[in-house]
Amino acid sequence: MAWIWMLSVAGAVLLWAVSLGRILSSPTPYSLPPSPRFLPPLGDRRSRNVLLVLAHPDDESMFFTPTILFLKSKGHNIHVLCMSLGNADGLGDTRKEELYDACATLKIPAEQVAVLDHQKLQDGFHEKWDHGLLAELTMEQIQLWDIDTIVTFDSYGVSGHPNHRDVHHGICKLLHENQQGNIEAWELVSLNMFRKYSGAVDIWLSSLISSSSKQLMYCLVNCSPARTFEAMAAHRSQWVWFRRLFVTLSSYTYVNMLQKI
């Protein structure tokens, strides 16, 4: 029986190595399937103004790095709206500064980052965020920054955190109330536990699903996973052993599946 165990381990290591090699094979971030239809130019503007809407500082590094790097590689302008300081442990001011540092590593200027501290939007598993308020605050940034594209969580919010899920519903409310507008929105697809912790291996399934889906969906590949570690390490108060392990094993370090809302 020992040889079966050893063979299984060797196979898993080989699959991980091959998968990582596939991810690192490109010099720049890329999408699967490759398509010029994904975020094409709007009118005479070649670049888009994209608003990444988050719940807490470190969401951008832990979950959205492949998306950020892909959009930057295509010349799009990325703005970040973080709905809270992440003050559940009393470290809100520290975490706010860490978010600015992480965004700097991802080449997002500080003037394109907004971190809110609204009394009705406080970090916590038991905090219920008002969807109308979220829609209102997001619209303020859309108007301020002339946003045409939104990227945010899906209805499960990757980890199931209620703040993540409320952000999604807030964006859906905004879209429903502004159906005549020209805002395009995409959500980060949540994965089951196996895929979530399959690391680089998930590129095969994510690319297959994205290519065969009847819904508009793309797999964005991060060809520089070290950038995720660099950005997450900027969140010094959060860079503890289990988050280091998460970033290593998480498929969100290597690929993002985006689906149109």
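Is Arg195 buried or exposed? With a relative accessibility of 9%, Arg195 counts as buried, because buried means under 20% relative accessible area. The model discussed here is a predicted one. Arg195 has a salt-bridge partner in Asp202, and the closest N and O atoms of the two lie 2.7 Å apart. Asp202 likewise counts as buried, at 2% relative accessibility.

This pair belongs to a total of 6 salt bridges in the structure. Another of them joins the side chains of Arg95 and Asp58, at 3.1 Å from N to O. The link spans distant parts of the chain: Arg95 belongs to helix 4 (residues 92–105), while Asp58 sits in the loop between strand 2 and helix 2, 37 residues apart. Arg95 is buried at 7% relative accessibility, and Asp58 is buried at 5%.

A further salt bridge is formed by Lys128 and Asp166, with 3.3 Å between the closest N and O atoms. Lys128 lies in the loop between strand 4 (113–115) and helix 5 (131–145), and Asp166 lies in helix 6 (residues 162–177), so this pair ties together parts that are 38 residues apart in sequence. Lys128 counts as exposed, with 60% relative accessibility, whereas Asp166 is buried at a relative accessible area of 5%.

The largest pocket holds about 500 Å³ of space. It is lined by 19 residues, and those closest to its centre are Asp58, Met62, Phe125, His161 and Arg243. Helix 2 (59–62) and helix 10 (241–249) each supply at least two residues of this lining; helix 10 provides the largest share, with 3 residues. By class, the lining of the largest pocket comprises 7 nonpolar, 5 polar and 7 charged residues.

Helix 10 also takes part in a feature of the surface. Met193, Tyr197, Trp241, Phe242, Leu245 and Leu249 make up a nonpolar patch there, with about 660 Å² of accessible area together. Helix 10 gives the most to this patch, namely 4 residues.

Phe70 directs attention to helix 3. Of the 9 residues in this helix (residues 65–73), 7 are buried, so helix 3 is largely enclosed by the rest of the structure. The buried residues are Thr65, Pro66, Thr67, Ile68, Leu69, Phe70 and Leu71. Just after helix 3, Gly75 adopts a positive phi of about 85°.

Strand 2 (49–54) and helix 3 each contribute at least two of the lining residues, and the largest share, 3 residues, comes from helix 3. By class, this lining has 6 nonpolar residues, 1 polar residue and no charged residues.

Technical notes: Residues are numbered from 1 along each chain as its sequence is written. This is a predicted model: local features need pLDDT of at least 70, side-chain atom pairs count only at pLDDT 80 or more; totals for chains, interfaces and linings use all residues. Side-chain values use heavy atoms; hydrogens and water are left out. On a 1 Å grid over the protein atoms alone, a cavity is a set of points where a 1.4 Å probe fits but cannot get out, and a pocket is an open set with protein on both sides within 12 Å along at least five of seven lines; lining residues have an atom within 4 Å of a point. Grid points are joined across faces, edges and corners, and a volume is the space filled by probe spheres set on the points. Ala, Val, Leu, Ile, Met, Phe, Trp, Tyr, Cys and Pro count as nonpolar, Asp, Glu, Lys and Arg as charged, and the others, Gly among them, as polar. Patches are made of residues with over 30% relative accessible area and no salt bridge: like charges are joined within 9 Å, nonpolar side chains (Val, Leu, Ile, Met, Phe, Trp, Tyr) within 5 Å. Accessible areas come from the Shrake-Rupley method with a 1.4 Å probe; for residues, only the protein chains shown count as cover. A salt bridge is a side-chain nitrogen of Lys or Arg within 4 Å of a carboxyl oxygen of Asp or Glu. Buried means under 20% relative accessible area, exposed over 50%, partly exposed in between (1.4 Å probe, protein chains only).
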